[in-house]
Amino acid sequence: MRFATIPTKLGPFLCPEPLANQSTSLFPISKLTELPYPPLQSDFNFDPDLQAFFTGRLLLLDEIPFPLQTIQAHYLHGFIQYEKGITKEEHGLSCRRCGNQDKELFATFSCYRCKEECAYCRNCIMMGRISQCTPLIRWAGPATGFHVEEPILRWDGQLSELQSSASERVYELIGHAGEILVWAVCGSGKTEILFAGIEKALREGLRVCLATPRTDVVMELFPRFEQAFPNTQVEALYGGHSSMDRASPLVLSTTHQLFRFEKAFDVMIVDEVDAFPYSYDKTLQFAVEKACKDEAARIYLSATPSEDLLARVRRKELDVIHISKRFHGYPLPVPEFTWCGNWKKGLKKGYVPKVLTEWVKRKLDSGRQCFLFVPTVKVLNDVYECLKSDSVDFVHAEDPERKEKVNRFRKGEITMLITTTILERGVTVPEIDVAVFGADHEVFTSNAFVQISGRVGRSIEDPYGEVTYFHFGKTKAMASAKKTIEQHNSRSSREIDK
Ligand SMILES: [Zn+2]
Ligand SMILES: [Zn+2]
């Protein structure tokens, strides 16, 4: 897109190429050193649908389902601003949508829109290409208001004592600037502790986002939130599903989808704040920050917070709430270490250690479901060759039948599922045991172990279960995971005592 400038009483303003007079000269937005922002003319008869759609969003022209004339009229009256999608800073290029400043992640092409060599951001290309001549567009008029009919919350579950006190802390933070980490063990019922706080926010007309790195978490939470907040239009955003309706007061979103927001939310809840790719990807963290209003309440949820977060807790920069007990009150299962000899060598020769086959036989005979975690897809294939039977199946990240197999496992049609670490989170099956084969492999970090152990004993009907690590030499990660679990358990027994 190129622009012309048009003279007005208030100064020269921008006019997009399709609306410009043919004889005027055109230039890409990147060529302007200073962008003109027409002042807000509050007597302008703005379009409330545009306002309701746009509030808190930062979008490409292609993403806005309104005619260009409407957008331009709102621009001229100060209700919309055009912004450079990519800016040139001292150190190089910077993407305004995703915060990318890495030279490697910009590429140039000969652009048909600005008829010049144009750089674009490769980092957020999955959200539609943004290049130097691409304007980003934001609403600059009064924000749309949110109102939710009573009853806002419909949920009659009971919170445990620990959940209640966490819930109160979250409730108090709503409406204020501040941050809190909810460090909740796997299976502690952390979603429910958010309900009262979200209800308060919605009642006060605030806008709430729950963001997570993982699409399946959005999909799992969406029906639960729709049920709990029956009068609220809940919006779910994830890859391939980004609704372009009017702004909603309660948004469930992958962290990627937040690239399209700016200063939108009064409450930002980041679930699984330690999960890949969020914990490694600075631009996703940028996206979360950009989507927050300055005065937003920020709530981070995790069962296994990263060292960075814990360091902030230790420096007293970040408040923490511990929920070290599961909602049913039983302790977390403590892993058992079983030496299994040189399993890599065994696999090369086409067999798995006897201790493993015995474990598998015991499980299959008892009919009790189990996960067998393995370090790599290669190991997965080898192990499956040795163990395959009607009751055994496998799944990994690239498996085209991944969803189907997980569903069949949930239904109990598969007794044992061999898996890589992709299932370390999220998948919850009521009565289950877990083993890790090749636990000395480096992919199994302490946090991965804690998440894996967290799959077990999650229902009140079956709060116990076995966690076994088969290894050829105990690693630091194994020991540290066991210690963490024991610490949670001893903390929760102290809490029972008092
Ligand atoms: Zn970008
Ligand atoms: Zn261009």
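This is a predicted model: local features need pLDDT of at least 70, side-chain atom pairs count only at pLDDT 80 or more; totals for chains, interfaces and linings use all residues.
The protein chain has 498 residues, of which 43% count as buried. Its secondary structure comes to 13 helices and 23 strands. Along the principal axes, the C-alpha atoms fill a box of roughly 85 × 55 × 45 Å.

Several strand pairings were examined in turn. Strand β6 (residues 86–89) and strand β7 (residues 92–95) run antiparallel and are joined by 4 bridges. A hairpin of 2 residues links β6 to β7. Within this pairing, Lys-88 has Leu-93 of β7 as its bridge partner.

An open sheet is formed by 3 strands in the order β4-β10-β5, with antiparallel pairing. Its edge strands are β4 (58–60) and β5 (80–84), each of which pairs on one side only. From one strand to the next, the twist averages 35°. Strand β10 (residues 135–139) is joined to β5 by 5 bridges, and the two run antiparallel. Here Ile-80 has Trp-139 of β10 as its bridge partner.

Strand β14 (residues 250–254) shows another arrangement. It is mostly covered, with 5 of its 5 residues buried. Leu-250, Leu-252 and Thr-254 point one way from β14. Val-251 and Ser-253 point the other way, and these too are buried. β14 runs parallel to strand β12 (residues 208–212), to which it is joined by 5 bridges. Opposite Leu-250 of β14 stands Val-208. β14 also runs parallel to strand β13 (residues 234–237), through 4 bridges. In that pairing, Leu-252 of β14 is the bridge partner of Ala-236.

The largest nonpolar core has 130 residues. Those with the most contacts inside it are Val-182, Val-267, Met-268, Ala-291 and Phe-437. Strand β16 (residues 292–302) supplies the largest share of this core, 6 residues.

Helix α12 (residues 446–453) is largely enclosed by the rest of the structure, because 6 of its 8 residues are buried. The buried residues of α12 are Asn-447, Phe-449, Val-450, Gln-451, Ile-452 and Ser-453.

Most residues other than glycine have a negative phi, and most peptide bonds are trans. A cis peptide bond joins Glu-150 and Pro-151, with omega about -5°. Pro-151 is found in the loop between β10 and α3 (161–173).

Two lysines have a positive phi. For Lys-115, phi is near 60°. Lys-115 is found in the loop between β8 (106–110) and β9 (117–121). Lys-115 has 12 other C-beta atoms within 10 Å, so it is exposed. For Lys-263, phi is about 40°. Lys-263 is found in the loop between β14 and β15 (265–271). Lys-263 counts as partly exposed, because it has 15 C-beta neighbours inside 10 Å.

Key. Residues are numbered from 1 along each chain as its sequence is written. Chains are lettered from A and ligands numbered from 1 in the order in which they are written. A residue is buried if 20 or more other C-beta atoms lie within 10 Å of its own, exposed if 12 or fewer, and partly exposed in between; C-beta atoms are placed from the backbone. Two strands pair if DSSP finds at least two bridges between them. Axes are lines fitted to C-alpha atoms, for helices over the stretch in contact, and angles run from 0 to 180 degrees between N-to-C directions. A nonpolar core is a set of buried Ala, Val, Leu, Ile, Met, Phe, Trp, Tyr and Cys residues joined through C-beta atoms within 7 Å.
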